[in-house]
Amino acid sequence: NIKTLKSVLAAPVIKQLSEQSDGIKVRWEKIESATSYEVYRSTSLEGSYSRVKKTKHLSCVDSTTKANKTYYYKVRALREHQDDVYYSYFSDVVRN
């Protein structure tokens, strides 16, 4: 039942942000019934967030970051079924 899927798609929890030589790696917990995830970033907590990645994995590297700059991340889960897409609420925002 699609409506049930929509109502039980939980918001992801970001487990870790880590700075690497190629950018900032974002890791989150798996959400049952999610088919992919979207990662959003902002340069301020209350600022506007832009999608940096869509992935089927439980982590991604944001390679568009600059050294010594603060970024804020949030993630949401998606469930794609036939022609419909269902979204979870966003995770809590996490700062690098």
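E38 counts as buried because its relative accessibility is 4%, where buried means under 20% relative accessible area, exposed over 50% and partly exposed in between, using a 1.4 Å probe and protein chains only. Its salt-bridge partner is R51, with the closest N and O atoms 2.7 Å apart; a salt bridge here is a side-chain nitrogen of Lys or Arg within 4 Å of a carboxyl oxygen of Asp or Glu. R51 lies in strand β4 (residues 50–55) and E38 in strand β3, so the pair ties together parts that are 13 residues apart in sequence. R51 itself, at 47% relative accessibility, counts as partly exposed.

A word on the source: this is a predicted model, in which local features need pLDDT of at least 70 and side-chain atom pairs count only at pLDDT 80 or more, while totals for chains, interfaces and linings use all residues. Residues are numbered from 1 along each chain as its sequence is written, and side-chain values use heavy atoms, with hydrogens and water left out.

With E80 in strand β6 and K54 in strand β4, the pair ties together parts that are 26 residues apart in sequence. E80 counts as partly exposed at 32% relative accessibility, as does K54 at 40%. Salt bridges that share partners also join E38, R51 and R76 into one network.

Now for the strands themselves. Helices (H or I, at least four residues) and strands (E, at least two) are DSSP runs, numbered from the N terminus. Strands β1 (residues 14–20) and β2 (residues 23–28) run antiparallel and are joined by six bridges; two strands pair if DSSP finds at least two bridges between them. These two strands form a hairpin with two residues between them, and Q16 stands opposite R27 in β2. On to the next pairing: β2 and β5 (residues 59–62) run antiparallel with four bridges, and I24 stands opposite D62 there.

Which residues touch the most other members of the largest nonpolar core? Of its 14 residues, they are V26, W28, V39, Y73 and V75. Strands β1, β2, β3 (36–42) and β6 (72–81) each supply at least two residues of this core. Such a core is a set of buried Ala, Val, Leu, Ile, Met, Phe, Trp, Tyr and Cys residues joined through side-chain atoms within 4.5 Å.

Leaving aside neighbours within four places in sequence, Y73 is in contact with several residues, including I14, I24, V39, R41 and D62; contact means heavy atoms within 4.5 Å.

Across the protein chain, 33% of the 96 residues count as buried. Among contacts between residues at least 6 apart in sequence, 56% join residues at least 24 apart. The C-alpha atoms fill a box of roughly 45 × 25 × 20 Å along the principal axes.
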